[in-house]
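Please look at the structure below. The questions and answers that follow go through some of its helices.

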Amino acid sequence: MGSSIGPADLAACARLLRAGSKSFSTASLLLPGRVRAQATVVYAFCRVADDVIDSEPGTTAVAVEGLRARLARIYAATPDDDPVDRALAAVVVDAGVPRELFEALLEGFAWDVEDRHYETLDEVYAYAARVAGAVGAIMTVLMGRREPSVLARACDLGVAMQLTNIARDVGEDAGRGRLYLPRAWLREAGVDPEAWLAAPAPTAPMRSIVARLLDAADVLYRRADRGVAALPADCRVAIRAARLIYSDIGRSIAAAGYDSITRRAVVPKGRKLWLLLRALRPRRARPADAAGPPLDAVVFLVGACRSAS
């Protein structure tokens with residue numbers, strides 16, 4: 001079945017991502033054409049939504065409601081006269097993407113607007129499930145898989161990537177008055193969260209907390225690895241590449257002594273190429289290895305896909 005995405009709309013989505021989502025643009029080159037176009041549209045919508053939230057600090061509550069209204073029109077097949085909206089309206093029909101997955105993504109953005117505090121790792125998981133686990137579930141649907149075990153491992157990967165994002169962006173987030181590290185961890189280490197936000201610094205306790213979060217991410221990356229073999233054969237290399245590139249951000253953070261307050265970790269182009277080549281090497285795994293329950297935080301995402309299948 002061919003795609004109903006308009007060529008001009010798809011080209012506009014691709015241009016948007018080349019400018020603002022270089023990691024996705026790199027990894028997506030390895031996706032088969034049947035998935036790459038739809039994934040490009042989904043990530044373009046995510047990019048647009050994220051930009052709306054970050055660029056309108058005085059009206060963000062209104063901005064979230066505006067995004068929800070846009071999503072409603074997309075699912076009603078009456079999208080706004082915008083290339084991203086038109087393209088996404090085609091994708092959700094062609095791939096049968098449950099609306100609940102995009103609603104979860106927007107709920108995560110709403111939590112940002114509310115300046116929600118995260119006391120425990122489980123609460124951070126809940127946030128990550130929405131802003132990243134939902135995208136993992138969407139990607140799995142685009143690839144043609146809806147089995148609960150496969151979705152669970154895809155959500156593991158999404159949550160792990162978001163934990164990596166949080167670890168990388170501690171300083172940048174603090175500059176905006178945001179803290180996504182579990183506040184209970186800070187208190188356990190003798191750090192007052194509000195006092196630290198007022199004067200962020202890469203102290204030894206904060207470095208240890210960043211390391212602890214990356215350890216939690218590594219557990220999920222390893223769980224996600226077990227699900228790759230259950231994906232269609234033509235999608236596995238791209239997902240392995242995305243996993244390797246993202247998890248390597250954690251290696252870069254560790255190499256800097258877990259200081260993600262005064263510096264921002266990056267994966268150099270040369271190393272990205274090496275990781276892409278590494279992703280090409282086949283791994284010995286069986287689809288059955290994906291078995292295992294999902295994180296509690298992503299159960300609702302897995303259920304949404306099952307009920308829509």
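Q: Which hand has the crossing of H8 and H12?
A: This is a predicted model, in which local features need pLDDT of at least 70, side-chain atom pairs count only at pLDDT 80 or more, and totals for chains, interfaces and linings use all residues. Residues are numbered from 1 along each chain as its sequence is written, and side-chain values use heavy atoms, with hydrogens and water left out. Helices are DSSP runs (H or I, at least four residues), numbered from the N terminus. A crossing is left-handed if the near helix is turned anticlockwise from the far one by less than a right angle, and right-handed if clockwise; that of H8 and H12 is left-handed.

Q: Are H8 and H12 roughly parallel or roughly antiparallel?
A: Axes are lines fitted to C-alpha atoms, for helices over the stretch in contact, and angles run from 0 to 180 degrees between N-to-C directions. The axes of H8 and H12 lie 8 Å apart, and the packing angle is about 160 degrees. Angles under 35 degrees count as roughly parallel, over 145 as roughly antiparallel, 65 to 115 as roughly perpendicular and the rest as oblique. H8 and H12 are therefore roughly antiparallel.

Q: Which residues in H13 meet H12?
A: Contact means heavy atoms within 4.5 Å. From H12, the residues taking part are Val210, Leu214, Tyr221, Arg222 and Asp225. Their partners in H13 are Arg243, Tyr246, Ser247, Gly250 and Ile253.

Q: How far apart are the end C-alpha atoms of H12?
A: Helix H12 has 22 residues (residues 204–225). The expected span is 1.5 Å times one less than the number of residues. For H12 that should be 32 Å, which agrees with the separation of its end C-alpha atoms, 32 Å.

Q: Which helices do the buried residues of H12 pack against?
A: Buried means under 20% relative accessible area, exposed over 50%, partly exposed in between (1.4 Å probe, protein chains only). The buried residues of H12 include Met206, Ile209, Leu213 and Leu220. The helices that the buried residues pack against are H7 (121–142), H8 (148–168), H9 (170–175), H10 (183–188), H11 (193–198) and H13 (236–255).

Q: Is Gly136 buried or exposed?
A: Gly136 lies in helix H7. With a relative accessible area of 15%, Gly136 is buried.

Notes. Helix = DSSP H or I, 4+ residues; strand = E, 2+ residues; numbered from the N terminus.
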